Amino acid sequence: MKLNLKLSLALIAGSMMAVSCGGSGNSSESASSSSAPAAPEPVKEISLEEKYKDDPIFIRGVELMKQNDCPSCHMIERKIVGPSYADVAAKYETTEENVEMLAGRVIAGNVGVWGEIPMPAHPALSEDDAKDLVRYVLLLKK
Ligand code: HEC
């Protein structure tokens, strides 16, 4: 009896293997397409977020962004309602004059530099926070 049980278990296991082997034996088409030579891995570009994540200006900026509405119109590397931060960073050199000028525009609102859509004013934002936000934006150069 014991031997019979073992034997039948072996048979069941064997037939299950046969089923799974049969399945894969039938897939010559997909095998040939997947055996095409793999393209060499492109050098992966790191995101700007990755590049600057340890910079204190970046860390401070992320904190302020969370407390403000900027992310609803701006993304780091993609234009949504407003220009991407990377585009703004590429346009302006990081100088104290530019930081002040752009902080003033964030507080007062602005239109016409990037298109017809206006950026609303942010009167509740302090000048210091606006400057830290702009320093963060201008940091994000490629
Ligand atoms: C309702 C959408 C909206 C919000 C919210 C918003 N922006 Fe903007 N932002 C825009 C648009 C649109 C422009 C382009 C304005 C223009 O063409 O002059 C812009 C432009 C800018 C510029 C570039 C200004 C220039 O003159 O080149 C900076 C810097 C900026 N935004 C930062 C911020 C920061 C920081 C915040 C959060 C405090 C913020 N924005 C919130 C829509 C927005």
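Me: What share of the 142 residues in the protein is buried?
Reply: This is a predicted model, in which local features need pLDDT of at least 70 and side-chain atom pairs count only at pLDDT 80 or more, while totals for chains, interfaces and linings use all residues. Residues are numbered from 1 along each chain as its sequence is written, and side-chain values use heavy atoms, with hydrogens and water left out. Buried means under 20% relative accessible area, exposed over 50%, and partly exposed in between (1.4 Å probe, protein chains only). Of the 142 residues in the protein, the buried share is 24%.

Me: How many helices and strands does the protein have?
Reply: Helices (H or I, at least four residues) and strands (E, at least two) are DSSP runs, numbered from the N terminus. From that end, the elements run α-α-α-α-α-α-α. The count is 7 helices and 0 strands.

Me: Which protein atoms are the donors of the iron atom of the ligand?
Reply: Donors are N, O and S atoms within 2.8 Å of the metal (3.2 Å for Na, K and Ca); water is not among the atoms, so sites may look incomplete. The two protein donors lie 2.0 to 2.1 Å from the iron atom of the ligand, and they are His74 (NE2) and Met119 (SD).

Me: Where in the chain do His74 and Met119 lie, and how many residues apart are they?
Reply: The two protein donors of the iron atom are His74 and Met119. This pair links distant parts of the chain, with His74 in the loop between helix 4 (56-67) and helix 5 (85-91) and Met119 in the loop between helix 6 (96-108) and helix 7; their separation is 45 residues.

Me: What is the geometry of the site of the iron atom of the ligand?
Reply: Six donors count as octahedral if opposite donors are over 155 degrees apart and all others between 65 and 115. Ideal angles for six octahedral donors are 90 or 180 degrees. Here the 6 donor atoms give angles of 86 to 180°, and the site is octahedral.

Me: Is His74 buried or exposed?
Reply: The relative accessibility of His74 is 15%. The limit for a buried residue is under 20%. His74 therefore counts as buried.

Me: Which residue has a backbone N or O atom 2.5 Å from an oxygen atom of the ligand?
Reply: A polar contact is a pair of N or O atoms within 3.5 Å. A polar side-chain atom of His74 lies 2.8 Å from a nitrogen atom of the ligand, and a backbone N or O atom of Gly112 lies 3.3 Å from an oxygen atom of the ligand. The residue at 2.5 Å is Trp114.

Me: Why does Leu133 count as buried?
Reply: Leu133 is found in helix 7 (residues 127-139). Leaving aside neighbours within four places in sequence, Leu133 is in contact (heavy atoms within 4.5 Å) with Gly61, Leu64, Met65, Asn68, Cys70 and Leu125. Leu133 counts as buried because its relative accessibility is 4%.

Me: Is Lys142 buried or exposed?
Reply: Lys142 is in the segment after helix 7. Not counting residues up to four places away in sequence, Lys142 touches Leu48, Lys51, Glu77 and Ala86. Its relative accessibility is 69%, so Lys142 counts as exposed.

Technical notes:
Four donors count as tetrahedral if all angles lie between 85 and 135 degrees; four count as square planar and six as octahedral if opposite donors are over 155 degrees apart and all others between 65 and 115; anything else is irregular. A polar contact is a pair of N or O atoms within 3.5 Å; within protein, one must be able to donate a hydrogen and the other to accept it, and residues adjacent in sequence count only if both atoms are side-chain atoms.
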